[in-house]
Amino acid sequence: MAPSHTMRCCKKGLNWIPVLFINLVIGWSYYAYIVELCVYTIPDNAERISYLVVFHIFFFMFTWSYWKTICSRPEGPSKAFCLPKAEKELYEKEERAEIQQEILKKVAMNLPVYTRTPGGAIRYCDHCQVVKPDRCHHCSTCERVNNCVGFSNYKYFVLFLAYATLYSAVISATVIQYFIKFWTKRLPDNHAKFHILFLFIVAVMFCISTLSLFIYHLWLVGKNRTTIEAFRAPVFSSGPDKNGFYLDFSQNFTEVFGDQKTRWVFPIFSSLGDGHSFVTRLVHIDPEQANAVLQQNGKRLVLFSTQESKPRVFLKIFF
């Protein structure tokens, strides 16, 4: 037990090394921009003040969204996804996989669970002993079923990428003229030269990397896919469907950012849903049959229109 506990502590400590490194870079960039650029290099007061105002706006939004991303507690399944005591005892005693699946299917009938394993089985986490909600996976870092970047903080993460890109773009755009002046010897060599040169190079590299990642995640938001679903289509009872959670672009966007436009640009939680059930597109299912099943479980069916030629049903689960 002691070695295992020590390993977990060491693992948690190592996980904070990237965070420490990023914060050191952010702290240095703040010092280099405020002190070395604005205080020691820029001669014009109006230019200096305008730079400081714009810089601090994006710096504040960038750091706010960053800390909200890493400090938000990951969501885990509710107790409703745990096996009842009787079924849990049967499941643990049973050695035949097919009988275990029958037990899980019986429990899953009363849960908003529509995705399956690639083999068509109910998704169950033996480590956490819970039926996995749709789009939920076991995290080896947190040692539980959740997503470190998932339902509870995905909006914060996308905003972090956006503000990180804007923050580095502002630095690059305002530093470039002084970078050129130092590079071409039009400014005297002093202690600010090293900081200005490296500040520009680091900002450009950071901007390119975060911009590419931001564009990719905007694409994921528009498609209503997780990173895992982008590489492996979710499997439903009817088979794999890469567009199983796709509605349309505006509805996909509001799933992450919410329907309150005043909150879209702030790292304040506004995503729709509870993280346990999602608006789901089921392929080739009779609406009346789907509605009857949902009503038995105390849920309500909402139909959304679609432009596709094949009949599809959008299910919004209400409790």
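Q: In which helix is the place of Phe179?
A: Keep in mind that this is a predicted model. The helix to look for runs over residues 154–183. Phe179 has its place there, in helix 6.

Q: Is Phe179 buried or exposed?
A: The relative accessible area of Phe179 comes to 14%. Buried means under 20%, so Phe179 counts as buried.

Q: Which residues does Phe179 touch, leaving out those up to four places away in sequence?
A: Start with Leu197, which is 18 residues from Phe179 in sequence, yet their C-alpha atoms are 5.6 Å apart in space. Leu197 is also on the contact list of Phe179. With sequence neighbours up to four places away left out, that list reads Ile196, Leu197, Phe200 and Ile201.

Q: How is the aromatic pair of Tyr30 and Phe55 arranged: stacked, edge-to-face or tilted?
A: Two things describe a ring pair, namely the distance of the centres and the angle of the planes. For Tyr30 and Phe55, the centres are 5.8 Å apart and the planes make 45°. Stacked needs under 30 degrees and edge-to-face over 60, so the Tyr30 and Phe55 pair is tilted.

Q: How many residues apart are Tyr30 and Phe55?
A: Tyr30 belongs to helix 2 (residues 17–39), while Phe55 belongs to helix 3 (residues 45–71). Their pair thus links distant parts of the chain, and the separation is 25 residues.

Q: Why is the pair of Tyr33 and Phe55 stacked?
A: Phe55 is buried, at a relative accessible area of 1%, and Tyr33 is buried too, at 0%. The ring centres of Tyr33 and Phe55 lie 4.3 Å apart. Planes under 30 degrees apart count as stacked, so what settles it for Tyr33 and Phe55 is their plane angle of 10°.

Q: Which parts does the Tyr33 and Phe55 pair tie together?
A: In sequence, these parts are 22 residues apart.

Q: Which residues do ring pairs link into a cluster with Tyr30, Tyr33 and Phe55?
A: The structure holds 26 aromatic pairs. Besides Tyr30, Tyr33 and Phe55, the cluster takes in Phe59, Phe62, Tyr66, Trp67, Tyr154, Phe157, Phe160 and Tyr167.

Q: Where does the charged end of Arg135 sit?
A: One ring under this charged end has its centre 4.1 Å away, and that is Phe245. For Phe278, the distance to the ring centre is 5.1 Å. The charged end of Arg135 sits over the rings of Phe245 and Phe278.

Methods:
Residues numbered from 1 in each chain as written. Predicted model: local features only at pLDDT ≥ 70, side-chain atom pairs only at ≥ 80, totals over all residues. Heavy atoms only, no water. Phe/Tyr/Trp six-rings, centres within 6.5 Å; stacked < 30°, edge-to-face > 60°. Helix = DSSP H or I, 4+ residues; strand = E, 2+ residues; numbered from the N terminus. Buried < 20%, exposed > 50% of the residue type's maximum accessible area, 1.4 Å probe, protein only. Lys NZ or Arg CZ within 6 Å of the ring centre and 35° of its normal. Contact = heavy atoms within 4.5 Å.
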